[in-house]
Amino acid sequence: MPYTPCTPGTPRPTGLAARRGPLLAGQRVQLTDEKGKMNTITLVPGEVFHSHQGYLSHDELIGGPDGVVVTNSLGHQYRVLRPLLNDFVLSMPRGATVVYPKDSGQILQQADIYPGARVLEAGAGSGGLTMSLLQAVGDQGQVHSYERREDFADIARGNIETYFAGPHPGWHLHLGDVQTQALADHEPGSFDRVVLDMLAPWECVEMVRELLVPGGVWLTYVATATQLSRTAEAIRESGSFTATRASETMMRDWHVEGLAVRPEHRMIGHTGFLLVTRRMADHQESLQLRKRDKSEKFSDDDIELWTPSDEARWVPEEHGQREAKPKRARKEARAATRYAQHAATAQRTTQVTTQQHSGELGENNTQPPGSTA
C-alpha cells in the first residue's frame, strides 16, 4: 500500500520505505530458527543462507511479506522479520561499543529529545545512539555528530545509511575534536540539547555552556563512577547549570509461559551512568537548595585517589574500556558501507515501484472527454 500522508503534500519520512511493505533486495532481515537462534542477513538476489540445518534461498524472501514462517531445504522452519531498531543496533557492524537500547530510551526521555530539536552529539561511535536521536528529531531536526576517529565515522555513516536506506537530511557528521571544532563551527546558543558519550566530558563544560540555549538539557553518558563524580563536580563548580541528577538503568526480562512466570536467569546490569543537567541563563547562578549538609570532609589525598589529577590516568584502559584496533575498525567500516549500498538499492527499487503504482492510478482515474463522474 503506498504512503498516504495525513496532510496532502507532506513528504515521505526518511527511512519509511525500509520499514513497511514487502521485503526487498538490499534490506536486512532476521531469521529465527525453532530453537530461538537468530541470524541477521542482507537480502541479495541469487544468494543463499547456509547453516548446518540446510540452506534457504534469498529469492524465496525477496518480494514476500514481513512476519512469515518459511521452510529451508531440509524442512527446518525460520521466522522472518524486519529487525527493530534495538535489534539492528546489536547486530550491526561496530567499532566502538554501542549504547545499549535500554540506555538509548532513557537518553531520549531524560534529555527530552523532541521533533525539530537541534542536538549536538559526541562521539558518534558506531552510530547506534545517533539513529535513536535522528528518529526522535525527525527530518526537520538536526543532529550534529562529532567523532575523532575516521574509521569509526565510516562505520557510523554506513550503519545509519543502511538503517534509513540512504542519507538522513537532518544528520551532519563532523570529523574532529568536539571541544575545539564545535565552537568554530557553530554560533553561541545553536543547540537545544547536548548529548556526550566520551571519556572526559568534564573538559567540555565551557563548550557546552557556550553552545547550549538557556534552559537546554545537557546529558552525559559515562561508564564509571569516577567519571561520573568528576563530571558532576565540574558542572557544579561552573555555576552555569542547575537541576543536576544522576541515574543508571538495569533491565531484567521475565519468563512467561503458563504458570511458569519468573525472572530470567540473566539480565543486563550496569552499562553506564546518565548525568543530566540544565543550562542557566547568562549572568544567572543556580538556585541553592536548602538542605542539611551531610557531606563528609575529604582530604586532598582522598580526592586525588578518587579523581586523579594526572591526565595520563584518564585513558580508556584505566576504566575498563577497550579501544577497537584500527584493522578491525576498517573491516567493520567496509561491512557497514556494503550494507548501506544494498539498502540504497532497495530504496531505489521502492521509488520505482511507487512511481509505477502512481502512474497506474493516474491512468485508471483518467476520464474520457465529455464523460461525467
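Helices (H or I, at least four residues) and strands (E, at least two) are DSSP runs here, numbered from the N terminus. With that in hand, let's look around helix α2: just after α2, D112 takes a positive phi of about 55°.

First, some ground rules. This is a predicted model, where local features need pLDDT of at least 70 and side-chain atom pairs count only at pLDDT 80 or more, while totals for chains, interfaces and linings use all residues. Residues are numbered from 1 along each chain as its sequence is written, and side-chain values use heavy atoms, with hydrogens and water left out.

**The whole protein**

The secondary structure comes to nine helices and 15 strands. Of the 373 residues, 42% are buried (under 20% relative accessible area, with exposed meaning over 50% and partly exposed in between, using a 1.4 Å probe and protein chains only). Now take contacts (heavy atoms within 4.5 Å) between residues at least 6 apart in sequence: 67% of them join residues at least 24 apart.

| Helix | Residues | Buried residues |
|---|---|---|
| α2 | 101-110 | K102, D103, S104, I107 and Q110 |
| α7 | 225-238 | T226, Q227, L228, R230, T231, A232, A234 and I235 |

What covers the buried residues of α2? The cover includes α3, β10 (191-196), β11 (212-222), β12 (241-247) and β15 (273-279).

As for α7, its 14 residues reach 20 Å from first C-alpha to last, close to the 20 Å expected at 1.5 Å a residue (the expected span is 1.5 Å times one less than the number of residues). Just after α7, G239 takes a positive phi of about 75°.

**Where α3 meets α4**

Helix α3 (residues 128-137) packs against helix α4 (residues 150-163) at an angle of about 45°, with the axes 10 Å apart. Axes are lines fitted to C-alpha atoms, for helices over the stretch in contact, and angles run from 0 to 180 degrees between N-to-C directions. The pair is therefore oblique (under 35 degrees is roughly parallel, over 145 roughly antiparallel, 65 to 115 roughly perpendicular, and the rest oblique). On the α3 side, T130, M131, L134 and Q135 make the contact, and on the α4 side N159, I160 and Y163 do.

**A look at V119**

V119 is found in strand β7 (residues 118-122). Is V119 buried or exposed? At 0% relative accessibility, V119 counts as buried. Leaving aside neighbours within four places in sequence, V119 is in contact with residues including I113, L133, V137, F191 and V195. V119 and L212 are 93 residues apart in sequence and 9.4 Å apart in space, C-alpha to C-alpha.
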